[in-house]
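This briefing is prepared for a reader with the sequence and coordinates at hand.

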Amino acid sequence: MKYTYPVTRTTHPKPKPADENNLGFGKYFTDHMFIMDYDEGQGWHDGRIVPYAPIELDPASCVLHYAQMMFEGMKAYLRPDGKLQLFRPDMNAKRMANTAYRMAMPVLPEDILISATEALLREDKDWMPKAPGTSMYIRPFIFGNEISFSAMAAAHYTFIIILAATGAYYASTSGKLGTSRIYVQDKYIRSAQGGTGFAKVGGNYGGAMRASEDAKAFHCKDVLWLDAKEHKYVEEIGTSNAFFRINDEVITAPLDTGTILPGVTRDSVIQLLKEWGVKVSERRLSFEEVLAAAKDGSLKEIFASGTAAVISPIGCLNYQGVDYPVADGECGEIANKLYHDLYGMQTGVVEDYMGWTYPLDITVE
Ligand SMILES: Cc1ncc(COP(=O)(O)O)c(C=O)c1O
């Protein structure tokens with residue numbers, strides 16, 4: 001189905017960021033946003049592009065109390081020929097549908113997500129940053145928007161997309177990806193079986209902030225989460241999926257526990273490693289096994305994967321106050337090659353040999 005959305009243009013365009021090498025993450029929002037409503041019995045309706053502005057919410061709006069909401073995160077990339085492209089947006093739409101079911105929210109059809117994203121990008125294409133490593137971060141989100149104190153699924157929802165010109169995630173040192181220190185979290189948990197770990201909902205992130213803050217005391221950027229039941233198996237790193245290379249096997253936590261967010265980048269990493277003939281296993285891995293491998297030298301690499309940073313290598317784990325370096329503390333060869341090919345495909349400088357990119361008919365001058 002072909003969708004067109006009415007546009008109300010801003011009469012007060014904002015100044016564009018002066019320094020594209022210092023954009024940060026989620027600081028420079030564009031001039032417009034997309035909004036659509038959902039009402040029980042009517043479905044999704046009235047998609048429109050309007051000037052980016054604060055939204056009015058009744059203080060009794062249910063999302064402010066019971067957090068019935070979900071969000072997504074994806075990026076638009078600028079190719080060398082000046083065209084914009086997305087990366088596997090169908091996966092984000094599928095994850096939204098799974099999240100919607102878990103949160104008793106209405107499913108947003110894939111063609112609405114993609115057509116609305118494309119329409120908004122077209123409107124704000126002049127905001128597309130051009131400096132190396134930059135991109136346009138796309139944040140779609142949906143929330144229950146009903147005035148009610150009853151802790152029940154809402155009958156009215158609001159869907160919004162906002163865009164943020166976003167900087168390179170990593171300070172790269174000497175052309176290599178920089179590594180991070182990660183704190184092994186054995187007190188707090190991110191998600192339990194039967195909970196919402198596989199869904200992209202705000203509550204998962206609010207509940208993780210104490211642990212991330214505490215990690216800073218150990219000079220760590222974020223945490224390695226262990227499973228909720230036994231505090232034994234490795235799960236995710238901060239807001240990314242985690243990969244461990246022990247000798248020649250690359251291991252990541254399986255999805256069947258329902259506690260792991262099924263990352264688009266995670267799936268891409270697994271498929272690429274298989275394509276390259278690298279042994280990759282989705283299996284439970286105990287932290288004990290990781291520690292033993294760190295001690296005997298068989299732990300070759302740890303890296304996190306996600307839309308924000310693509311691949312982020314880990315140079316050191318801190319467990320109960322003791323540092324355990326990962327190999328030589330530098331970015332490993334698999335992480336480096338994954339970054340090269342994945343980011344290269346996303347930005348159109350490496351041929352997309354997996355058929356993952358989604359070119360848009362939008363040219364940036
Ligand atoms: C908890 C969590 N895990 C993993 C990821 C990585 O997912 P993706 O590769 O789709 O960005 C994210 C980021 O969205 C996340 O928030």
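Does Asp 46 count as exposed or buried? Asp 46 counts as exposed, because it has 12 C-beta neighbours inside 10 Å; the term applies to 12 or fewer other C-beta atoms within 10 Å, buried to 20 or more and partly exposed to values in between, with C-beta atoms placed from the backbone. The model is predicted, so local features need pLDDT of at least 70 and side-chain atom pairs count only at pLDDT 80 or more, while totals for chains, interfaces and linings use all residues. Residues are numbered from 1 along each chain as its sequence is written.

- Most residues other than glycine have a negative phi.
- His 219 is exposed, with 11 other C-beta atoms within 10 Å.

**Domains**
- An automatic or database domain assignment divides the protein into domain 1 (20-168) and domain 2 (180-346).
- The domain centres, taken over C-alpha atoms, are 26 Å apart.
- In domain 1, 19 residues are in contact with 13 residues of domain 2, contact being C-beta atoms, placed from the backbone, within 7 Å.
- On the side of domain 1 that touches domain 2, β4 (69-71), β5 (74-78) and α2 (89-102) each give two or more residues, and α2 provides the largest share, six residues.

**Helix α2**
- The 14 residues of α2 reach 20 Å from first C-alpha to last, close to the 20 Å expected at 1.5 Å a residue, where the expected span is 1.5 Å times one less than the number of residues.
- Pro 89, Asn 92, Ala 93, Met 96 and Thr 99 are buried in α2.
- These residues are on the same side of α2 because they cover an arc of only 120° around the axis, as given by the directions from the helix axis to the C-beta atoms.
- The elements covering them include β6 (83-87), α3 (110-123) and β18 (357-363).

**Ligand shell**
- Of the 13 residues around the ligand, Thr 239, Gly 263, Thr 265, Gly 306 and Thr 307 come nearest; a residue is near if its C-beta atom, placed from the backbone, lies within 6 Å.
- Three residues come from α6, which gives the most to this shell.

Terms used:
Two residues are in contact if their C-beta atoms, placed from the backbone, lie within 7 Å. Helices (H or I, at least four residues) and strands (E, at least two) are DSSP runs, numbered from the N terminus.
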